[in-house]
Amino acid sequence: YDSQLTELKNSLPNAKNILIALPVGADIDKFAAGLALFLAFKNSGKEVSLVSEDTIRVSQAHLFGVDNIKNTIPQGGGVGDFVITLEGVADVVGNRVSSLEKMDYFVEGTSLNLVCKVLPGQTFHPTNVTYGSKQTDKLDLIFVIGAANLNSLGNLYNKNQSVFTGMPLVNIDNQANSSFGTTNVIDVAASSASEILADVIPSLGLPVDQDTASNLMIGIYDATANLSNE
């Protein structure tokens, strides 16, 4: 599928809003692969959503970015999230804020307080603060990971078939399926979906940070019983 990945890589600059969909009953490998791809797109500056009809279980809670999984497909063209932008605090290289340990919030009366946990010895001084509702764009590209067909997505597909109609769709799986995608990345010799994504993500020129790599390792280890099976 190298030629298909080359074509996909060439089309990515024009894809601003990307959806990643997982099938009903997804295992840890599929969740790990989906989250790894989600983080890679997020770190490259793309608008990306990850959706699954499943309820997140305790066994999946250790995956990085698991709180970003939604159970409904975002509707494009409307008013989306309320965004507060802190200018001048992110690293130019790496798409991260190295001065922060994490961000948190707490409620005080009718107020919501956002707390930036600054690392010892670091400074955090935004040059400007802006805020407002962010317009959601129409989807440009859909990735489906580990699904035998679109019906495997459950109500995500059955109740949103118009979203998938005519949309460029990338079908990624380590099991043989109906090749329902515009681009089909199917490798039945791969141990897992995560193993395939470990090749696909850098092939598309996307960044691989520690969280992305950790998710891929978790997926591979889970699918291979800690590297003990063939």
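**Patch, cores and buried residues in a predicted model**

Q: Which element gives the most to the nonpolar patch?
A: Strand β5 does, with three residues. The model is a predicted one.

Q: What makes up the nonpolar patch on the surface?
A: The patch is formed by F82, I84, M103, Y105, V107, L112, L114, V129 and Y131, which together have about 1,000 Å² of accessible area. Two or more of these residues come from each of β4 (79–87), β5 (100–108), β6 (111–118) and β7 (128–135).

Q: Why is F82 called exposed?
A: The relative accessible area of F82 is 53%. Exposed requires over 50%, so F82 qualifies. This residue of the patch sits in strand β4.

Q: Why is V170 called buried?
A: V170 has a relative accessible area of 1%. The limit for buried is under 20%, so V170 counts as buried. The residue belongs to strand β9.

Q: What does V170 touch, leaving out residues up to four places away in sequence?
A: Its contacts are L8, L141, I142, F143, V144, T183 and V185. By C-alpha atoms, V170 and E230 are separated by 27 Å, and they lie 60 residues apart along the chain.

Q: Which residues of the largest nonpolar core touch the most other members?
A: They are I20, L37, F41, F143, I145 and L197, in a core of 38 residues. Elements giving two or more residues to this core are α1 (2–11), β1 (17–21), α2 (28–43), β2 (47–51), β8 (141–145), β9 (169–173) and α5 (193–203). The most comes from α2, with ten residues. Another core, apart from this one, has 16 residues, including A21, V144, Y157 and M167.

Q: What does F143 touch, not counting residues up to four places away in sequence?
A: F143 touches L8, I18, L19, I20, A21, L37, F41, V170 and I172.

Q: How do you know that the buried residues of α5 line one face of the helix?
A: The buried residues in α5 are A193, S194, I196, L197, V200 and I201. Viewed down the axis of α5, they fall within an arc of 145 degrees, so they line one face. Their cover includes α1, α2, β8, β9, β10 (183–186) and α6 (210–223). Just after the helix, G205 has a positive phi of about 75 degrees.

Q: Why does S194 count as buried?
A: Its relative accessibility is 0%. That meets the cut-off of under 20%, so S194 is buried. S194 lies in helix α5. Setting aside residues up to four places away in sequence, S194 touches D29, A32, A33, N215, L216, G219 and I220.

Q: What makes N174 buried rather than exposed?
A: N174 has a relative accessible area of 9%. Buried means under 20%, so N174 is on the buried side of the cut-off. N174 is placed in the loop between β9 and β10.

Q: Which residues are in contact with N174, leaving aside its neighbours within four places in sequence?
A: These are D187, V188, A190, S191, S192, A193 and I196. For A193, 19 residues from N174 along the chain, the C-alpha separation from N174 is 5.6 Å.

Terms used
Residues numbered from 1 in each chain as written. Predicted model: local features only at pLDDT ≥ 70, side-chain atom pairs only at ≥ 80, totals over all residues. Heavy atoms only, no water. Core = buried A, V, L, I, M, F, W, Y, C linked by side-chain atoms within 4.5 Å. Buried < 20%, exposed > 50% of the residue type's maximum accessible area, 1.4 Å probe, protein only. Helix = DSSP H or I, 4+ residues; strand = E, 2+ residues; numbered from the N terminus. Contact = heavy atoms within 4.5 Å. Patch = residues over 30% accessible without salt bridge, like charges linked within 9 Å, V, L, I, M, F, W, Y side chains within 5 Å. Areas by Shrake-Rupley, 256 points an atom, 1.4 Å probe, with all protein chains shown as cover. Salt bridge = Lys/Arg side-chain N within 4 Å of Asp/Glu carboxyl O. Arc of directions from axis to C-beta.
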